[in-house]
Amino acid sequence: MFMKSKKLLTIKILIIFIFISFNLKSIAMASTFYEEQTINITKNLRCLICQGQTIHESNSDFAESMKKYIKGELENGKTDEEIFSSLVEKYGQWIVYDPGISRNTLLLWALPLLLFLIGGAIIGKRILKKI
Amino acid sequence: MSENQIFTDFKVVELIEEKQINFNKVLFGKKIYLINIWSSWCEPCKDESDKLLELKNDTSIMMIGINYKDKKKNALNFLKLYGDPFDQIFIDKQGTISINFGAYGVPETFLVNEDNKVLKKYIGPLNDEDVYEIKKITNN
């Protein structure tokens, strides 16, 4: 009788141990995932108070707060796009290294193409003149 | 936040009672809200303390302080020493609340209207001209 209850207790402890270690592993995995996501996002964010550094590279007060803010937003279920757009709303398009196409950045995106077309037209005209 | 933008809601914790509250609920009942981000370790914050105390006299403004990356004891000592211009004070231990405001550091001040729209943003300590401008806005 005593042996049976001892075995039962051992099994119970084993189950609890497996349950706890599984949960700890899940928490650690989730934390690593959010940390990796935070790094990916902060690599595309400009540190607005530093010189030529991304938020990821900088250890400034502002950058450290931003890293914590982004990790918190990810843990709250926000997507990368939602985080980028909310930061652009707060700090302006300048905060992102890779600005998306919007009314404000349309010229920025279209200018290389425009210059290419104008240059091509000028060269084409000259070639045609020579012929 | 840049001017003309509207605050989205987020949670804040009071400095004294340490109660959590939605920030939108704080912005209620006044025409103008002045949100000042400050800290006891911030030297320019000492310089602007008399300007904030002057603005406290304007009853149309609710003065809200955001205590940035500070220790409660030091924050309370600062208020004792330089005066407390705030109607409500919230803590920002990690600097993430200030990111919600679109702030860069301390001190920074936002003037917000009853529709939660940012009317003005002042980076750095407030000066006499800023106080004059704020008073002009509240008198309109």
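Student: Which residue of E2(B) is the bridge partner of Val13(B)?

Tutor: The bridge partner of Val13(B) in E2(B) is Gln20(B). This is a predicted model, in which local features need pLDDT of at least 70 and side-chain atom pairs count only at pLDDT 80 or more, while totals for chains, interfaces and linings use all residues. Residues are numbered from 1 along each chain as its sequence is written, and chains are lettered from A and ligands numbered from 1 in the order in which they are written.

Student: What makes E1(B) and E2(B) a pair of strands?

Tutor: Strands (E, at least two residues) and helices (H or I, at least four) are DSSP runs, numbered from the N terminus. Two strands pair if DSSP finds at least two bridges between them. Strand E1 (residues 11-14) of chain B and E2(B) have three bridges, in the antiparallel sense, so they count as paired.

Student: Why are E2(B) and E7(B) said to stand at the edges?

Tutor: The open sheet of chain B has seven strands in the order E2-E1-E5-E4-E3-E6-E7, with mixed pairing. Strand E2 (20-22) and strand E7 (118-123) each have a single partner strand, so one side of each lacks a neighbour in the sheet.

Student: How do you know that E4(B) is mostly covered?

Tutor: A residue is buried if 20 or more other C-beta atoms lie within 10 Å of its own, exposed if 12 or fewer, and partly exposed in between, with C-beta atoms placed from the backbone. Seven of the eight residues of E4(B) are buried.

Student: In which sense does E4(B) pair with E3(B) and with E5(B)?

Tutor: E3(B) and E4(B) are parallel over seven bridges, and Ile64(B) in E4(B) is the bridge partner of Ile35(B). E4(B) and strand E5 (residues 88-92) of chain B are parallel over five bridges, with Phe90(B) in E5(B) as the bridge partner of Ile66(B).

Student: What makes a crossover right-handed?

Tutor: With the strands pointing away from the viewer, the path from the first strand over the helix to the second must run clockwise. E3(B), H2(B) and E4(B) make such a right-handed β-α-β unit. The crossover from E4(B) through helix H3 (residues 72-82) of chain B to E5(B) is right-handed as well.

Student: How many residues of chain A are in contact with chain B?

Tutor: Two residues are in contact if their C-beta atoms, placed from the backbone, lie within 7 Å. By that rule, 13 residues of chain A are in contact with 11 residues of chain B. Helix H2 (61-75) and helix H3 (80-91) of chain A each supply at least two residues of the side that touches chain B, and H2(A) gives the most, with seven.

Student: How do you know that the length of H2(A) agrees with its number of residues?

Tutor: The expected span of a helix is 1.5 Å times one less than its number of residues. The 15 residues of H2(A) should therefore span 21 Å, and its end C-alpha atoms are 21 Å apart, which agrees. Its buried residues include Met66(A), Tyr69(A) and Leu74(A).

Student: What pattern does chain A follow along the sequence?

Tutor: The pattern is α-α-α-α, and chain A has four helices and zero strands. Of its 131 residues, 14% count as buried.
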